Amino acid sequence: MTIDFADLPTNLREGLHRAALDSPQRGIAIFDGRGRSCERRSYAELYRLACESGRRFAALGVGRDEPVLVALPTSWEWMEAWFGLLMRGAWPVASSAAGAMAAAEAQFEKVDKVMAAIGARHVVASEAFLAQASEQGRAFAVGGVITCERLHAAAPAAEAAGRGVSDGGDVAFLQLTSGSTGVPRAVMITHEGAIHNPVASDEAVGAPYGEPMRRLTECMVSWLPLYHDMGLIGCLMLPLLCGLDTWMLRPETFLARPRLWLEHLGSHGGSFAPAPNFGYQLCVERIPADKREGLDLGAWRAALTGAEMVRPETTAAFSAAFEPHGFRPEVFRPCYGLAEGTLAVTFDVKGSGVRTLPAPRGTDAGFAMTEVVSIGVPIRDTRIRIAAPDDSDLPEGEIGEVHIKGPGVFRGYYGDPEATAATLRDGWFATGDLGFLQGGELYLTGRTKDLLIVHGHNIMPDEIERVADSVTGGGGLLRSAAFSVARGAAGEQAVVVVEIADSDPERLAEIGREIRIRIGRAMGLPLADLAFVRRGRIPRTTSGKMQRGELRQRYLDGTLERLHDREPEGRTPAKEPSR
Amino acid sequence: MSIRETALAVIAKVSKVDAAAIRPEMDLVADLGFDSAKALELLVELEEALGIEVSDEQAAGLNSVGDILAVVDRLQPPLRPPRG
């Protein structure tokens, strides 16, 4: 049984309607914060809920093609808001602000900045969120917050979206991703991309069995955040469009109690579940042998791993730990995707587990990999080329920048034509990832862009540097620079190098501590290392542009001249990066 | 063990820092190297060791060892099921 790609829904509203008609019994179960009890509703109920909510948003004056933030945790309120906005024809923008991941102040700061950057008038959030935002005197708190209570109190308008029918090429929603100006960038995702991408993923995951995954699978169990493309597309749009049941845990519930994910996978016969590498690593580290008893992972057919570098040492450790509990190592399915591609670009279609090649010369030393992992072949209608620095095509086996083209490729960064023009040409998106093709399969070896990917989340170095500069008063002659290095299975970790005039060790320790605190508060990010250097030690081009790649290389080589900087007592000293 | 000592033992276990070296002014991120996953792990361990529940609102304000001890200090001793 194949999928008829000529008969896909033309837009997501139709997609939801079809789910309600074709899979009325299937649906979504969302767990509460403790991860024990859940509320389940069918796709038919979701459709009715979304239609009604869309009419309420219309009554509240939310317009078509208007971006509206959704700052709620994974919950039915989130579904009501996101799909309601979709039915209205507005653009929902899922925001991380609701997750209890960083300090409240930093979250409101971020919401403020995002709303200003994309010109959003409204954010859908809880009463508690509104109360706190008002207390802090945030501008958006005055009339800009639509609480769930306010939404429910609105008398629905006669129609949600009016007469206009969205074309596949129209923007459906915005996906936030890290931006170099300290403000997230809003990636414009089309209806076509949001439909084609998950359905093509379903086809790719089912490839080894000769059938789309939907024919083989009862349900998906996910803890991925809905403000992340892997959560939104992979764990919500895919099951919705393919008619699968989904069980959703909040990401913070998983981080607190990783065993719950595997427990629910077992008890609901979950056969389909994705996670970034660090999620599998967390299970290995936080579920000791005696706590693995009683888990039954025998139904798991596709353990997708993507959104950050797939590390063979992690998948091997996970397999060793959970094979006695029914897990089969061959169900690991490496994949590659990014927000600008809607989600998926490549998938492993062999279904024989993680396959590697020895890391070739030119593999980024900072990723500490002795092997590189096959992340599969492009999904349907999607093409990859490996580009040399002069933009010519490179043959198989040679390392260059990965460029992608296909229905999932985004429309551009909303309100940022410069950033769009810099990366998107003739439908080809320059991903900033480095890799090579071998036997048609993609292997990643590094990155051209200055980007950190920590626990599956993209972080531009500028965000970290701004915070560091705010402590030292730097940013002018004295600069700071952030990059990541990987240490084995722990994956990428952040390192900051700070130029400073001071040299008193006590003073440096104080400044270092303050930088760590502020970065921790603002981004929930611990630093693996913080190095003080003299002015000018961060390499720059003749035009003054920072060369973070060169700096990182010197750091890895041990040729960076560090000032004597004492780590605060009690903290385990950071180990030298392995190479 | 007092409630406070239990809490310090849990912090030591999760952070892998010697309990004797842990001081109230230590910041979870800056001094103990916590990320959000570690912070949530600590909360769960504290809840289980002390038989308490920490609300999301309380959890959001916990930045230092001292903040945690302050929450713990306000606690009544955990309720024990009646004997017999």
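1. What percentage of the 84 residues in chain B is buried? In this predicted model, buried residues make up 30% of chain B. Chain B has four helices and zero strands, and its elements follow the pattern α-α-α-α along the sequence. Of the contacts in chain B with a separation of 6 or more, 64% are between residues 24 or more positions apart.

2. Confidence in chain A. The mean pLDDT of chain A is 92, and 95% of its residues reach 70 or more. One stretch to treat separately is residues 566-579 of chain A, over which pLDDT stays under 50. For that stretch the model has 29 contacts beyond four places in sequence.

3. The contact between the chains. Chain A contributes 22 residues to the contact, and chain B contributes 22 residues. On the side of chain A that touches chain B, α9 (251-256), α11 (277-286) and α16 (505-523) of chain A each supply at least two residues. The most comes from α16(A), which gives four residues. Sorted by class, this side of chain A has ten nonpolar, five polar and seven charged residues.

4. Strands β25, β26 and β27 of chain A form an open sheet of three strands, in the order β25-β26-β27, with mixed pairing. The edge strands are β25 (480-486) and β27 (527-533) of chain A, each pairing on one side only. From one strand to the next, the twist averages 20 degrees. Strand β26 (residues 492-499) of chain A runs parallel to β27(A), and six bridges join the two. Within this pairing, A:Val498 has A:Phe532 in β27(A) as its bridge partner.

5. Helices across that sheet. Helix α15 (residues 461-472) of chain A lies across β25 and β26 of chain A, and its direction is at about 130 degrees to β25(A). Helix α16(A) lies across β26 and β27 of chain A, running at about 140 degrees to β27(A). Strand β9 (residues 219-222) of chain A, helix α8 (residues 229-242) of chain A and β10(A) make a right-handed β-α-β unit. Strand β10 (residues 245-248) of chain A runs parallel to β9(A), and four bridges join them. Opposite A:Ser222 stands A:Met248 in β10(A).

6. Helix α8(A) is mostly covered, with 14 of its 14 residues buried. Just after α8(A), A:Gly243 takes a positive phi of about 70 degrees.

7. Which setting, buried or exposed, does A:Ala368 have? A:Ala368 is buried, because 23 other C-beta atoms lie within 10 Å and the cut-off for buried is 20 or more. Its phi is near 50 degrees, a positive value in a residue other than glycine, and A:Ala368 sits in the loop between β15 and β16 of chain A. A:Asp426 also has a positive phi, near 50 degrees, and is a residue other than glycine. A:Asp426 is found in the loop between β20 (424-425) and β21 (428-438) of chain A. With 5 C-beta neighbours inside 10 Å, A:Asp426 counts as exposed, because the limit for that class is 12 or fewer.

8. A:Ala359. This residue lies in the loop between β15 (356-358) and β16 (371-373) of chain A. A:Ala359 counts as partly exposed because it has 18 C-beta neighbours inside 10 Å, a count between the limits of 12 or fewer for exposed and 20 or more for buried. Leaving aside neighbours within four places in sequence, A:Ala359 is in contact with A:Met369, A:Thr370, A:Glu371 and A:Val372. The C-alpha atoms of A:Ala359 and A:Leu444 are separated by 9.7 Å, and these two residues are 85 residues apart along the chain.

Methods
Residues numbered from 1 in each chain as written. Chains lettered and ligands numbered in written order. Predicted model: local features only at pLDDT ≥ 70, side-chain atom pairs only at ≥ 80, totals over all residues. Pairing = 2+ DSSP bridges. Right-handed = clockwise from strand over helix to strand, strands pointing away. Contact = placed C-beta atoms within 7 Å. Nonpolar A, V, L, I, M, F, W, Y, C, P; charged D, E, K, R; others polar. pLDDT = per-residue confidence, 0-100. Axes fitted to C-alpha atoms, helices over the stretch in contact; angles between N-to-C directions.
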